[in-house]
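Subject: Structure handover

Hi,

Here is the structure I promised to pass on. My notes on the ligand site, the cavities and the strands follow below it.

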Amino acid sequence: MLTKIKEYLYQFIRLHSLRSRIFVIILLIGIFPGILMRYAIVENYEERAVQLRQETVQDQLTTIADHLVTNNYLENYQLTDQQTIANKNVIDTELEMLSGMNDGRILIINSNFNIIRDTYNLSEGKTIISEEVIKCFQGERLFNYDDRNGYIEMTTPIIYTVHPEDAPEESVSVIRGVMLTSVSSDSITETMALLYRQSLIIEMIVIMVVVSLALILSYALTRPFIKVTEAINEVKEGYSDEAISVPEYVETVHIIDAFNQLLRSKRVLDDSRQEFVANVSHELKTPMASMKVLADSLITQENVPVELYREFMEDIVSEIDRENKIITDLLALVKMDKKLQIMDINYVNINELTELILKRLRPIARKRDVEVVFESNREVLAEVDEVKLTLVISNLVENAIKYNKEHGWVKVVLDADHQFFTLKVSDSGIGIPEEALPQIYERFYRVDKSHSREIGGTGLGLAIAKNAVLMHRGTITVTSTEGVGTSFVVKIPINYILSKGNEK
Ligand code: ADP
């Protein structure tokens, strides 16, 4: 159990399971946009807030700068008359208010780079020659946001409008002083921290919801596949024998369909195997039973005449022959089992081979007064397995002789084109009923069981012939009319090796 859990977790972490993939996908889709949005909102807020603060303070500073000009603050700052002091006080109040409101410091610098006013009262009378002050005298305003130390620094020019002596009607702007201001950005930082905290809480809640959702969905979405496994396992372990169904997804339906098909073909195979074993046992038992009856009757009788002994013994011998033939045929069939497809391919002269087989079978034909004719349209040299092709020809010709009539005939015609050779075995025999034609290649199938048995048939001949033809990548067809005769046509490629290449 523990190893199973370990294995499951390992697969989950390595994303080898559909469930873990669904989980991760939902997690990514649900969480990442939230995190990105939070950063975008907080960052954007900072930029906007700093810009807004700078604009507001700059506006206020410009107004104060105007007041400084109108009150000649820069020129009169050292005067002590009542009017000047009163004016100075007004401006100082404005400066104090502004710096107080923004938690900042304002320095007023004249054209000699002297600090003539410091709201902190620390640097008055000192000289300041810094880059930003110089640049401001040249008309360039400075703006600097230091987020680490939490302040915004800016310069504001104090601009005078003068009329040149040579052209008094014209007016020129001259910078005679600079206001260097730094204001605190702590309020922005605090708001940002608050925003950050709140969005983090929301994000935590979202993460929890998304994780639970991902867990539930990954489980629910993969449930049908687990059902498929369970259903297949039930069949595998033998609890259920019925066709299974998991109709939740098209994919599961496809898997189950394929499995059901496999199950059906396995059952067909099982059934046919069982049937085959039953048939084999039955076929082998029949001659045994006959032999036992014959032997029993000899044992139980007393003073049996020698002739009867002889007759019974001959019958027993023919039953042994029959048993032998069934076993030989079965072995031939098993050898041709598809899984053991070993072909011993050689160049064989088909005319000579057919002649040889017919020569062997003619005595049997003569016994039944059947004439066997061979007609060859051309000389055929083909790549075949001689033993297997012999089985095909001999079984077909043997059948044609066996199921023939008195004074009947069997005709074997050999022909070929550039690709195939054909062997046609026709007879003037009893024929095969139309409804029996589809079954004649089945193992142990016989149209008339007792008649076939009488003439020594095993019901395996055509099964062997068909297998052998198929192994040569050939075809076998039959046409028959009851009472008139039967005709088998075998068509086999001349070049076995070439036809194998074509097949691929
Ligand atoms: P068997 O050993 O019984 O001949 P086969 O597999 O060779 O078995 O043939 C199956 C059955 O097909 C035979 O029992 C027979 O009824 C029928 N059959 C085969 N060939 C012929 C034929 N040339 N004429 C009539 N019936 C045939």
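The shell around the ligand divides by class into nine nonpolar, eight polar and three charged residues. Here Ala, Val, Leu, Ile, Met, Phe, Trp, Tyr, Cys and Pro count as nonpolar, Asp, Glu, Lys and Arg as charged, and the others, Gly among them, as polar.

Before you go further, note that this is a predicted model: local features need pLDDT of at least 70, side-chain atom pairs count only at pLDDT 80 or more, and totals for chains, interfaces and linings use all residues. Residues are numbered from 1 along each chain as its sequence is written, and side-chain values use heavy atoms, with hydrogens and water left out.

Ligand site

There are 20 residues around the ligand, and Asn399, Tyr403, Ser452, Thr458 and Leu462 come nearest. A residue is near if one of its heavy atoms lies within 4 Å of the molecule.

- Tyr403: an N or O atom of its side chain is 2.7 Å from a ligand oxygen.
- Asn399: an N or O atom of its side chain is 2.8 Å from a ligand oxygen.
- Val447: a polar backbone atom is 3.1 Å from a ligand oxygen.

How much of the ligand does the protein bury? The ligand taken alone exposes 530 Å², and the protein buries 97% of that. Accessible areas come from the Shrake-Rupley method with a 1.4 Å probe; for residues, only the protein chains shown count as cover.

H10, helix H12 (461–471) and strand E12 (485–493) are the elements that give two or more residues to the shell. H10 supplies the largest share, three residues. Helices (H or I, at least four residues) and strands (E, at least two) are DSSP runs, numbered from the N terminus.

Cavities

Two cavities of 30 Å³ or more are present. The search runs on a 1 Å grid over the protein atoms alone, and a cavity is a set of points where a 1.4 Å probe fits but cannot get out; lining residues have an atom within 4 Å of a point. Grid points are joined across faces, edges and corners, and a volume is the space filled by probe spheres set on the points.

The largest cavity has a volume of about 40 Å³. Its lining is Val392, Ile393, Leu396, Leu423, Val425 and Val490. Helix H10 (386–402) and strand E10 (420–427) each give two or more residues to this lining. H10 gives the most, with three residues. The class count is six nonpolar, no polar and no charged residues.

The second largest cavity has a volume of about 30 Å³. Asn71, Tyr73, Asn76, Tyr77, Thr84, Asn87 and Lys88 line it. Helix H3 (73–76) and helix H4 (82–101) give two or more residues here. H4 gives the most, with three. This lining has two nonpolar, four polar and one charged residue.

Strands

Two strands pair if DSSP finds at least two bridges between them. Strand E7 (residues 371–376) pairs with E9 in the parallel sense over six bridges, and Phe374 stands opposite Val412 in E9. Strand E9 (residues 409–416) pairs with E10 in the antiparallel sense over seven bridges. E9 and E10 form a hairpin, with three residues between them. Across that pair, Val413 stands opposite Lys424, and Val412 has Val425 as its bridge partner. E10 also runs antiparallel to E12, joined by seven bridges. There, Lys424 stands opposite Val489.

Best wishes

Key. 1 Å grid on protein atoms, 1.4 Å probe; cavity = no way out; pocket = protein on both sides within 12 Å on 5 of 7 lines; lining within 4 Å. Polar contact = N/O pair within 3.5 Å; in protein donor to acceptor, adjacent residues only side chain to side chain.
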